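Please look over the sequence and the fold shown here before reading on. The paragraphs below then lead through the structure one feature at a time.

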Amino acid sequence: MARTVARVIVDALSELGVRQVFGVVGDALNPLTDALRTTDGVEWVGCRHEEAAAFAASAQSQLSGTLGVCMGTVGPGSVHLLNGLYDAAKSHAPVLAIAGQVPLGELGSDYFQEVDNDALFSDVAVFRATVTSPDQLPQLLELAVRNAFGRKGVAVLTVPGDLGDRELAADRPARFSLNPPVTRPEESAVREAAELLDRAERVTLLVGRGARHAREDVLALADRLAAPMVLTLKAKEGFEGDANPFQVGQTGLIGNPAAASALEDADTLLLLGTDFPYRDWYPEGKTVVQVDTEATHIGRRVPVEAGLVGDTGATVRDLLHHLAAPAAGTDGARDRSHLEKARKRFEEWRTGQARLADPSHDKGLLGRLRSTFDNRSDDIRPEALAAVVDRLAADDAVFTSDTGMATVWLSRFVEMRGERRLIGSYNLGSMANAMPQALGAQCLDRERQVVAFCGDGGLSMLLGDLMTLKTHRLPVKLVVFDNRRLGMVKLEQEQAGLPEFGTVLDNPDFAAVAEAMGIPGIRVTEPAELEKAVRRAFDTPGPVLLDVLTNPDEVAVPAKPTVEQGWGFAVAKVKEIVRSHGDDGTA
């Protein structure tokens with residue numbers, strides 16, 4: 001019996017190991033969703049917003065290495081996919097989006113809800129095509145999937161509403177060849193880079209997500225070079241924890257002074273699997289060696305003396321082979337003072353951060369003094385919340401974080417030890433990603449703990465998909481940093497010397513909102529209640545929303561604050577005080 005277009009697509013998804021398809025039902029998708037309804041092993045997860053569906057698919061792809069799939073129907077349904085698909089594209093996650101379209105005969109007639117999908121997705125997709133005949137399948141689907149995997153991005157296949165239930169004249173099984181190649185640079189380039197590293201006195205590694213699969217090789221190289229290891233946010237997973245005696249945390253706005261000084265004190269930087277974008281945080285005047293799978297990434301952020309295009313693991317092993325052997329009669333050890341200095345400063349910074357994260361900190365003399373300036377309402381410190389979650393969460397938990405201050409506190413106080421995983425919108429920097437990404441993560445494994453670090457602004461933007469968690473009984477733990485602010489924007493304004501404006505959020509009681517939706521909600525207003533509340537949230541079966549009122553005036557000091565930032569912050573605070581006095585009628 002000949003198969004329909006919809007059946008060919010859904011059968012292929014099943015063969016590819018896709019377990020969930022996320023989306024919102026609609027007329028053009030009806031043949032596809034009906035095929036999903038009658039297919040064992042592939043679950044339709046109906047979301048309240050297509051953006052959440054795309055975020056969920058992206059998270060699944062990043063966590064599993066398989067294809068993430070989402071769907072949006074004609075016009076607005078497909079348009080709503082865009083932001084989540086941009087997140088997938090920027091994260092290099094293979095995602096297939098099935099987009100609905102008006103009937104084939106109406107294309108180009110400005111029909112109701114007609115949108116030119118091929119134009120709409122032209123910037124975000126590595127592949128896009130509209131099915132105009134059943135006989136284009138399964139080849140067109142094969143091309144879409146191969147492009148998504150081969151080019152690590154989004155493929156969009158548009159299916160007009162009257163084609164999904166039409167049969168193929170010549171059917172055949174879909175065939176996918178998806179084995180990724182392992183590339184390595186030319187030996188002469190590796191030899192040149194090894195010579196630069198041999199001549200260096202103080203090497204610092206900047207390690208990114210692209211090196212995670214080569215952990216043991218990277219650790220061996222750090223040991224050989226006696227090099228401190230600065231991590232990008234996406235390299236926390238895989239390189240953080242006591243099992244790595246070289247890491248000194250992160251650089252950038254969410255980083256720490258030890259990482260900043262480790263980069264500044266080096267004479268040679270070795271970039272491994274990272275396209276860290278913030279040029280202001282690269283030190284000047286250093287010899288730079290960069291390893292990346294993408295030739296276009298070499299030298300994109302900072303000038304390099306040696307660029308090696310290839311798989312990080314294979315390239316690092318080649319470097320280890322070409323580095324000069326220890327001189328005869330010596331123990332082969334490099335001077336480790338650069339590494340020891342960075343590690344000592346990192347441990348001192350962590351000790352200080354631990355004091356700030358103690359819920360009883362504000363009761364001490366220094367804490368009371370600090371609170372008179374930045375926490376007069378005695379709200380809960382966000383550092384304390386993040387630290388308690390870190391201590392009580394499982395060692396194999398999956399964490400997601402909203403862009404903004406929630407990511408800052410996760411970065412500094414949650415350690416990716418054990419088998420923990422981490423997902424966020426760390427390239428696109430979108431709001432509202434943590435909850436839908438947690439949704440996708442939890443669908444992969446309903447027994448594994450999934451914890452979403454939600455900003456109050458991010459959570460409220462896609463609040464409707466709390467119902468998706470409830471409907472599908474997904475036991476995500478939502479930790480809401482409820483500071484009644486768009487906190488990162490507030491900080492940016494103040495550092496520029498501007499008074500806070502437009503960032504205040506008139507929030508509901510999010511715990512009560514969750515309860516109204518059928519999800520247990522816990523609201524925390526007192527520091528002394530914090531640990532008990534987090535334990536209760538983790539011990540409660542099913543989804544839970546933990547609404548914690550945190551201090552809106554908490555300051556996340558950058559790794560190397562400038563005088564201009566400090567002066568701008570002081571000026572902004574004076575302006576805010578003057579404005580506040582004027583507002584309430586006092587002078």
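Predicted model: local features only at pLDDT ≥ 70, side-chain atom pairs only at ≥ 80, totals over all residues.

Residues are numbered from 1 along each chain as its sequence is written, and side-chain values use heavy atoms, with hydrogens and water left out.

Helices (H or I, at least four residues) and strands (E, at least two) are DSSP runs, numbered from the N terminus, and a residue is called buried under 20% relative accessible area, exposed over 50%, and partly exposed in between (1.4 Å probe, protein chains only). Among the buried residues of α16 are Met 405, Trp 409, Arg 412 and Phe 413.

The aromatic rings come next. Rings of Phe, Tyr and Trp (its six-membered ring) pair if their centres lie within 6.5 Å, and planes under 30 degrees apart count as stacked, over 60 as edge-to-face and the rest as tilted. A search of the whole structure gives five aromatic pairs. One of them joins Phe 276 to Tyr 278 in an edge-to-face arrangement, with 5.3 Å from centre to centre and 75° between the planes. Phe 276 counts as buried at 10% relative accessibility, whereas Tyr 278 counts as partly exposed at 48%. The pair of Phe 399 and Phe 453 is edge-to-face because the ring planes stand at 75°, with the centres 6.1 Å apart. Since Phe 399 lies in strand β13 (residues 398–401) and Phe 453 in strand β15, this pair ties together parts that are 54 residues apart in sequence. Phe 399 is buried at 0% relative accessibility, and Phe 453 is also buried, with a relative accessible area of 0%. Elsewhere, ring pairs link Phe 276, Tyr 278 and Tyr 282 into a cluster.

Side chains of opposite charge can pair when their charged atoms come close. A salt bridge here is a side-chain nitrogen of Lys or Arg within 4 Å of a carboxyl oxygen of Asp or Glu, and by this rule the count comes to 35 salt bridges. One joins the side chains of Asp 318 and Arg 184, at 3.0 Å from N to O. Asp 318 lies in helix α12 (residues 312–322) and Arg 184 in the loop between β6 (154–160) and α8 (187–199), so this pair ties together parts that are 134 residues apart in sequence.

Within helix α8, what separates Glu 187 from Arg 191? These residues are four apart in the helix, so about one helical turn lies between them; they form a salt bridge whose closest N and O atoms are 3.6 Å apart. Arg 191 is partly exposed, with a relative accessible area of 37%. A further salt bridge brings together the side chains of Arg 212 and Glu 237, at 3.7 Å from N to O. Arg 212 lies in the loop between β7 (203–207) and α9 (215–225) and Glu 237 in helix α10 (residues 236–239), so that pair ties together parts that are 25 residues apart in sequence. Glu 237 counts as buried at 8% relative accessibility. Salt bridges that share partners also join a set of residues into one network, including Arg 343, Glu 347, Asp 390 and Arg 417.

The backbone also deserves attention in the loops. The peptide bond from Leu 137 to Pro 138 is cis, with omega near 5°, and Pro 138 is found in the loop between β5 (125–130) and α7 (139–150). His 92, in the loop between α5 (82–90) and β4 (95–101), has a positive phi near 55° although the residue is other than glycine, and His 92 counts as partly exposed at 42% relative accessibility. Arg 473 likewise has a positive phi, of about 55°, without being a glycine. Arg 473 sits in the loop between α19 (466–471) and β16 (477–482) and is exposed, with a relative accessible area of 66%.
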